[in-house]
Amino acid sequence: MRDRRSLNRAMARLAAGDRSAFDEVFAAVAPPARALASRLLSTADHRGADEEDAVQEAVIKIFARAHHYDPARDALTWALALVAWECRTLRRRQQRARSAGGDALDALVDGARSPEALAIDQQLLDHVHEALDALSPHDQATIRAAWSGQPPDVPPATFRKRLERALSRLRGAWSTTHGA
Amino acid sequence: MAPDQLLALRARRAYEVSRLGVGARMAIPAALVVLLALAINGPDPMCLAAGGLLCAIVAASGWQGGEWGRAALPALAAGLLPFFAPLSSRGLGHVCVAGSCVSYCLIACAVSGFVAGFLFTSRARPQGGGWLLGAAVLALTGSLGCAFTGLPGMIGMLVGGAAGVVPAALWMARSPSSSP
């Protein structure tokens, strides 16, 4: 209890600008603050250097906000509450950073395909072009216009009829070449 | 450097940066007074010099804290009396007694200086370096309002201020725990 009263007085002096109180406050507050921060910030990833930086940031916050200390409060309680708040903020920041990076990584993983799948896709595309080349220029132009979304220069109903006939001839050319 | 020493160094640095912030925030009211003086008196070089010095002293007292920090804002507040009093008595003319005439502004400077000195001493109850700091802030603040009266007004304000301190200081010496 005497130590706590002594710490309260020292913290009040530090808050008022008395630099000579710094060492006393640091010696009393830093070890329990470090221990609390380590417990709150430890993760299964065990990123040692990052965790140590975060612990130090939490402890340093006490002294960055020392001028806010209210002498009516218990200094150690005030300091540890500050550390707990800072740790919560740091954890949220870490979680946001991880989820943002994770989403990007997941997208990259989902979008990737094997070399075999890519080769099959390329072969299929080549066959489609072969079948197209077997059609008349008029049918080719109709299918390419529909594919690219170009507005037709004929009425929509007419364009639909032409596309239907061109696709039917394409299916026929595909069946002739590949039997399917 | 040992990890604890490094942490202590970082904590001390954070503390000093926070004290700079305290000083900067304390200088805001002083800056407002200076801006007001400039708006009233125009870009007077003496006003600018006194105002700049006032802001620097108040900011430094906030950074330093302790007796300086406790004295600065009460002295600034007390100094508003000799700041406004001569401005409000502008245009009242002179009073002549036995062939000698003196402007009301000059009288206002002296009287308001006296009251300001009394109030600052009795309310702020400065200790140690707070006396000197308070006197400087009070004098500079008052001079921003008395500047247009010229040197006689400034001297009148300073003499009045010093005279106002005496009775308050005597009262403090007689009954240290109570205010007059």
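Visitor: How do you know how far chain A as a whole can be trusted?

Guide: The mean pLDDT of chain A is 80, and 78% of its residues reach 70 or more. Where pLDDT is low, the predicted coordinates should not be read in detail.

Visitor: Why is the pairing of R34(A) and D4(B) called a salt bridge?

Guide: A side-chain nitrogen of Arg has to lie within 4 Å of a carboxyl oxygen of Asp, and the closest N and O atoms of R34(A) and D4(B) are 3.5 Å apart, so the pair meets the rule for a salt bridge. The count between chain A and chain B is four salt bridges, and eleven residue pairs are found in polar contact across the interface, both residues being at pLDDT 80 or more.

Visitor: What makes up the side of chain A that touches chain B?

Guide: Helices α1 (2-16), α2 (22-41) and α3 (48-64) of chain A each supply at least two residues, and the largest share, six residues, comes from α3(A). By kind, the residues on this side divide into ten nonpolar, three polar and five charged.

Visitor: How do you know what area is buried between the two chains?

Guide: The size of an interface is often given as the accessible area lost when the parts come together. Between chain A and chain B the buried area is about 1600 Å², of which carbon and sulfur atoms give 54%, while the contact takes 18 residues from chain A and 18 residues from chain B.

How values were computed
Residues are numbered from 1 along each chain as its sequence is written. Chains are lettered from A and ligands numbered from 1 in the order in which they are written. Side-chain values use heavy atoms; hydrogens and water are left out. Contact means heavy atoms within 4.5 Å. Buried area is the accessible area (1.4 Å probe) that two parts lose on being put together, summed over both. A polar contact is a pair of N or O atoms within 3.5 Å; within protein, one must be able to donate a hydrogen and the other to accept it, and residues adjacent in sequence count only if both atoms are side-chain atoms. Helices (H or I, at least four residues) and strands (E, at least two) are DSSP runs, numbered from the N terminus. Ala, Val, Leu, Ile, Met, Phe, Trp, Tyr, Cys and Pro count as nonpolar, Asp, Glu, Lys and Arg as charged, and the others, Gly among them, as polar. pLDDT is the predictor's confidence in each residue, from 0 to 100.
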